[in-house]
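Colleague: Hi, could you walk me through this one before I set anything up? I'd like to talk backbone first, then charges.

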Amino acid sequence: MFNQTKHEPRTTHTWQVWAIYMVLAANLSEEQVLKQVCPSCGATQLCNCSSMDLDFIPAGLTDKITTLNLSHNRIKHIRSQDLQQTVNLRVLLLQSNNISSIDEDSFRSLGKLELLDLSNNSLAHVSPAWFGHLFSLQHLHLQGNAYRDLGESSPFSSLRNLSSLHLGNRRFSTIRRGNFEGIELLDKLWIDGGNLRQYEPGSFKSIKKVNHMIVDIRSINVFSAIVRDLLHSVTWLELRKIPFSIPAEMQLLRVLSLSFAQKISLKEALLTDATVPEIVSILEDMPKLVEVEMIDCRLMGTGQWQIQIQANQSQTLRVLTIEKLSIEEFYLFTDLQAVEGLLSLLTKVTVRNTKVFLVPCSLSRRLLSLEYLDLSANLLGDQSLEHSACQGGWPSLQALNLSQNSLGDLEMTGKSLSRLRQLILLDISQNNFGEIPDVCEWPKHLKYLNLSSTQIPKLTTCIPLTLEVLDVSANNLKEFGLQLPFLKELYLAKNQLKTLPGAAPIPNLVAMSIRRNKLNSFSREEFEAFKKMELLDASDNNFICSCEFVSFIQHQAGMAQVLVGWPDKYICDSPLAVRGTQVGAVHPSLMECHRSLVVSLICVLVFLVILVLVAVGYKYHVVWYLRMTWAWLQAKRKPKRAPAKDICYDAFVSYSENDSDWVENIMVRELEQACPPFRLCLHKRDFVPGKWIVDNIIDSIEKSHKTLFVLSEHFVQSEWCKYELDFSHFRLFDENNDAAILVLLEPIQSKAIPKRFCKLRKIMNTKTYLEWPPGEEQQKRFWENLKGALKS
């Protein structure tokens with residue numbers, strides 16, 4: 001009884017410890033498996049398992065993870081236990097998998113989740129149970145699946161913090177009343193409904209406010225019904241791929257004129273001459289419309305509106321953006337006289353990449369309120385610009401972007417724009433001006449000028465004195481010496497400058513970028529001249545990283561930031577520099593300061609390494625192994641054994657030139673005059689003239705039944721005999737036969753043969769070899785044995 005009460009607690013404690021150990025061991029093994037599957041899941045809160053061909057969510061996910069990326073895999077099913085431990089997860093990316101089923105409580109533990117992306121999977125339905133515990137969810141992406149509707153009720157009723165919602169797919173066909181119950185405020189709502197055919201009116205009534213709504217719907221009837229439900233809710237309405245091509249359908253769009261939307265975007269829309277007037281009329285009637293945007297649209301027509309545009313000028317529309325408008329019959333397009341009267345209140349107009357080659361003067365004069373105009377990436381030339389910027393045109397314009405056009409005469413460009421009295425900012429970059437004159441005429445108040453990438457080889461006094469900001473990057477300039485008394489910012493990147501510009505002509509400069517030039521150092525006088533400079537970006541140059549230079553830059557007073565390109569270990573991001581580092585943070589080591597010493601040491605080390613390699617190679621016969629490898633490669637080009645019809649000789653004789661008298665006058669006579677005679681291959685008479693000697697040796701050995709080595713002290717010292725021995729050694733090793741016959745012409749110890757020829761040494765040690773005897777009786781027996789060996 002005493003023993004029982006004494007040992008029971010100990011036994012219980014042992015089992016508890018064992019249970020804890022097993023749990024910990026299981027967890028550790030799961031974490032190890034997870035790290036093997038997703039190496040990034042160990043050290044940080046971000047676990048990136050994207051594009052790893054996973055078929056399931058890996059085990060071992062812990063509460064340390066806040067971002068889990070499982071996109072672009074082959075996951076088909078999400079189980080209840082897969083994400084049970086990830087209680088601190090905030091971002092879960094599952095897009096582009098093959099997910100077709102999700103257990104209803106799979107996301108139960110994700111109360112802190114803010115973004116869930118299930119787009120581009122195979123979900124055939126959307127279950128409200130998935131989102132029941134996602135109280136913090138703000139962004140939900142469900143587009144690109146296989147569901148046809150959202151069910152009978154709202155799947156999103158518990159998502160009180162939802163901010164953006166992406167829905168729809170190619171099969172999505174029905175929206176029912178109640179599908180969006182519980183959602184009142186959204187920052188972004190995206191409906192991908194290319195095949196949406198059934199919409200129950202009132203389905204969106206519960207949504208009180210949508211800042212940005214994207215609608216991709218082909219059916220004008222459905223679109224009209226949706227707009228009717230959201231007349232007072234949407235701030236920015238973006239319409240994608242909607243064909244405005246049938247005039248009869250335009251009446252259904254009349255409901256848009258009642259919308260309180262402040263911005264309308266048309267993307268990839270189709271317009272025709274017959275429908276444009278109706279669309280313009282609808283937009284002009286919208287009571288709060290401020291901005292209209294058209295991107296990647298297509299116009300089928302030439303501007304010959306079938307009915308005259310009759311619309312009241314909008315009192316609210318101020319911004320018009322047109323990008324990449326494709327006009328099928330562009331060169332037949334007429335003028336814009338029909339819409340000139342509607343544009344006088346616009347303050348900002350962008351027409352990019354639309355093949356504009358002329359803005360009619362009459363239209364320019366109608367743009368009375370225009371302050372910003374972007375005509376970049378078009379076809380404007382010097383003559384057409386002169387006509388577009390005519391007297392009285394663009395009277396209020398302050399900023400003009402003409403980059404990526406066809407301008408080629410800077411003097412003419414300046415003169416044409418000098419009529420714009422209010423112009424402050426001008427971007428004419430990425431044109432082709434080339435040489436520029438000494439005198440140009442410019443707008444009187446011009447402060448910002450961008451001349452980057454304009455093929456200017458040298459700057460002249462054509463540049464206006466009024467500038468505060470000048471960008472002449474990427475122009476192959478070799479010097480900068482302009483007098484610009486008001487200049488505050490200067491951009492000289494991607495040129496060929498070798499020295500800093502002089503400070504005296506630009507006394508008010510506070511920021512300068514001179515990165516990617518050919519500077520290698522600053523002089524103290526050059527640097528100290530810029531007393532007002534706050535930021536200097538000189539990264540990506542050819543600076544010599546000397547301690548003296550760094551110390552000089554570091555101790556300059558008044559300079560807020562100096563960015564200089566040092567070795568890669570010092571390169572970091574900065575507000576202005578693309579690549580560079582603030583000099584105050586640079587502390588180069590002695591090795592970096594004494595580059596010549598480092599190079600010298602490296603050269604000495606390389607020399608020593610080569611010396612050691614040569615010594616090791618000599619000691620361990622590396623050259624021999626290389627030669628053997630070459631022989632092996634040569635032999636591999638041919639069959640291991642020559643066909644019987646190609647064997648010409650009974651034996652190839654390998655001997656030293658010093659032993660030729662015995663070989664040629666005694667052995668050859670004895671063997672070739674025997675009955676029957678033996679055919680011997682001698683290098684003196686049987687090698688093919690002009691053929692490489694190595695190929696002759698290999699071919700002769702291959703075409704002979706045997707290889708007869710006449711060994712002597714002279715043989716061991718002969719280079720070519722050694723090579724013949726090498727190749728025969730290879731053949732013996734590769735074919736495992738007895739093709740070699742050894743004849744000792746004089747007494748020689750086996751150790752005289754190099755140790756690396758293990759096969760031949762083994763033959764000498766294990767087999768009887770022939771030794772040339774001095775007596776005639778013994779010589780007769782020698783010849784019989786040799787002939788017998790040749791016949792075997």
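**Backbone and charges**

Modeller: Let's begin in a loop: Arg 516 sits between strand S28 (511-513) and helix H7 (524-528). Keep in mind that this is a predicted model.

Colleague: Thanks! What is the phi of Arg 516 like, positive or negative?

Modeller: Arg 516 has a positive phi, about 55°, although it is not a glycine.

Colleague: And how accessible is Arg 516?

Modeller: Its relative accessibility is 44%, so Arg 516 counts as partly exposed.

Colleague: Which other residue has a positive phi although it is not a glycine?

Modeller: Gln 404 does, with a phi of about 55°. Gln 404 belongs to the loop between strand S23 (399-401) and helix H6 (410-417), and with a relative accessible area of 36% it is partly exposed.

Colleague: Switching to peptide bonds: where is there a cis one?

Modeller: Between Cys 675 and Pro 676, where omega is about 0°. Pro 676 is part of the loop that runs between helix H12 (660-672) and strand S33 (680-681).

Colleague: Okay, charges now. How many salt bridges are there?

Modeller: The structure has 16 salt bridges. One of them pairs Asp 82 with Arg 79, at 2.8 Å from N to O.

Colleague: Are those two partners buried or exposed?

Modeller: Asp 82 is buried, at 10% relative accessible area, while Arg 79 is partly exposed at 34%.

Colleague: What about Lys 267, which side chain does it meet?

Modeller: Lys 267 meets Glu 238 in a salt bridge, 3.5 Å from N to O. Lys 267 is in strand S15 (residues 263-267) and Glu 238 in strand S13 (residues 234-240), so this pair ties together parts 29 residues apart in sequence.

Colleague: Why does Glu 238 count as buried?

Modeller: Because its relative accessibility is 1%, and buried means under 20%.

Colleague: Nice. Which pair links distant parts of the chain?

Modeller: That would be Lys 787 and Glu 670, whose side chains form a salt bridge at 3.5 Å, N to O. Lys 787 lies in helix H18 (residues 776-791) and Glu 670 in helix H12, 117 residues apart.

Colleague: And is Glu 670 buried or partly exposed?

Modeller: Partly exposed: the relative accessibility of Glu 670 is 30%.

Colleague: Last one: which residues are linked in a network of salt bridges?

Modeller: Asp 149, Glu 152 and Arg 176 are linked that way. As a general point, side chains of opposite charge can pair when their charged atoms come close.

Conventions:
Residues numbered from 1 in each chain as written. Predicted model: local features only at pLDDT ≥ 70, side-chain atom pairs only at ≥ 80, totals over all residues. Heavy atoms only, no water. Helix = DSSP H or I, 4+ residues; strand = E, 2+ residues; numbered from the N terminus. Buried < 20%, exposed > 50% of the residue type's maximum accessible area, 1.4 Å probe, protein only. Salt bridge = Lys/Arg side-chain N within 4 Å of Asp/Glu carboxyl O.
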